[in-house]
Amino acid sequence: MAHRNTILNVLAIAGTTIAQSSNLPTVPPGVFEVSSRIQIKSTLPAAWHALTNMPAYPQWNPFVRSSLVVSSSNLTLPNQYPTEGNYLLMRVQIPPLPLPVDENTPDNPLATQLAYEKITAVQKRKGRLAWKYATDTLIQGERWQAISHVGEGMILYESREVFDGLGAPALRETLGPSLQKSFDAQGEGLKLLLEGNSHSP
Ligand SMILES: *[C@@H]1O[C@H](CO)[C@@H](O)[C@H](O)[C@H]1NC(C)=O
């Protein structure tokens, strides 16, 4: 009996470890959070390139339809690789567009929103990216994305945003479920992009 309990405990601990394995940083809790994770048959360099190649977002991303890297004075930067301290002017879809999308997929006007975000982390070695709301004073949110190796040609893509502030409860009520769909859809779109060419005819 003691033996069986020990085995069950070991299994429980192993299960917990697997479930909690994450490359996202620990951040303070807020009013609510939206998060998503998906395993993709790809490499870390390929995934990093896809996530930082902003001009190519319209070709695959059903959530962020465009993301322009601008300076603090809103000048479009010639180098569109995201760098900490610069800003992003984004056009997003909440809820997301149905997959697949390409650069010609029209927006759903009812789901279109603009966002202005400050780039807070570009950590290639750690496989982490983050940006946070730069305009809305009633809502704070920092969106983290992370990639990590999970073995045998597989990577894990994760994203999470903790929302806080006076406006966060209303945001949860109005857009919470749609935001969740958008986070999930970006993961699925990334998977389609990175695995799309790997199947044989
Ligand atoms: C840059 O654009 C954003 C979004 O339109 C705006 O909120 C912000 O005030 C602008 N910043 C400057 C310095 O003009």
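This is a predicted model: local features need pLDDT of at least 70, side-chain atom pairs count only at pLDDT 80 or more; totals for chains, interfaces and linings use all residues.
Residues are numbered from 1 along each chain as its sequence is written, and side-chain values use heavy atoms, with hydrogens and water left out.

Me: In what order do the elements of the protein chain run from the N terminus on?
Reply: Helices (H or I, at least four residues) and strands (E, at least two) are DSSP runs, numbered from the N terminus. The chain has three helices and seven strands. Their order is α-β-α-β-β-β-β-β-β-α.

Me: What percentage of the residues of the protein chain count as buried?
Reply: Buried means under 20% relative accessible area, exposed over 50%, and partly exposed in between (1.4 Å probe, protein chains only). The chain has 201 residues. The buried part is 42%.

Me: Which residues have the most contacts inside the largest nonpolar core?
Reply: A nonpolar core is a set of buried Ala, Val, Leu, Ile, Met, Phe, Trp, Tyr and Cys residues joined through side-chain atoms within 4.5 Å. The largest one has 35 residues. Its largest share, seven residues, comes from α3. The residues with the most contacts inside it are Phe 163 and Leu 190.

Me: With which residues is Leu 190 in contact, leaving aside its neighbours within four places in sequence?
Reply: Contact means heavy atoms within 4.5 Å. Two of the partners, Ala 50 and Leu 51, are buried residues of α2.

Me: Against which elements do the buried residues of α2 pack?
Reply: Helix α2 covers residues 44-52, and its buried residues are Ala 47, Trp 48, Ala 50, Leu 51 and Thr 52. At its start, a side-chain oxygen of Thr 43 reaches to within 3.2 Å of the backbone nitrogen of Ala 46. The packing partners are β4, β5, β6, β7 and α3.

Me: Why does Asn 86 count as buried?
Reply: Asn 86 sits in the loop between β2 and β3. Its contacts beyond four places in sequence include Val 69, Leu 77 and Ile 119. Asn 86 counts as buried because its relative accessibility is 18%.

Me: Which residue has its side chain joined to that of Asn 86 by a polar contact of 2.7 Å?
Reply: A polar contact is a pair of N or O atoms within 3.5 Å; within protein, one must be able to donate a hydrogen and the other to accept it, and residues adjacent in sequence count only if both atoms are side-chain atoms. The partner of Asn 86 is Thr 83.

Me: How many Å apart in space are Pro 95 and Ser 182, C-alpha to C-alpha?
Reply: Pro 95 lies in the loop between β3 and β4. Not counting residues up to four places away in sequence, Pro 95 touches Ala 111, Ser 178 and Ser 182. Pro 95 and Ser 182 are 87 residues apart in sequence. In space the distance is 5.5 Å.

Me: What distance separates an oxygen atom of the ligand from an N or O atom in the side chain of Asn 74?
Reply: The ligand is surrounded by Ser 72, Asn 74, Leu 89, Tyr 116 and Thr 135, each with a heavy atom within 4 Å of it. For Asn 74, the distance is 2.4 Å.
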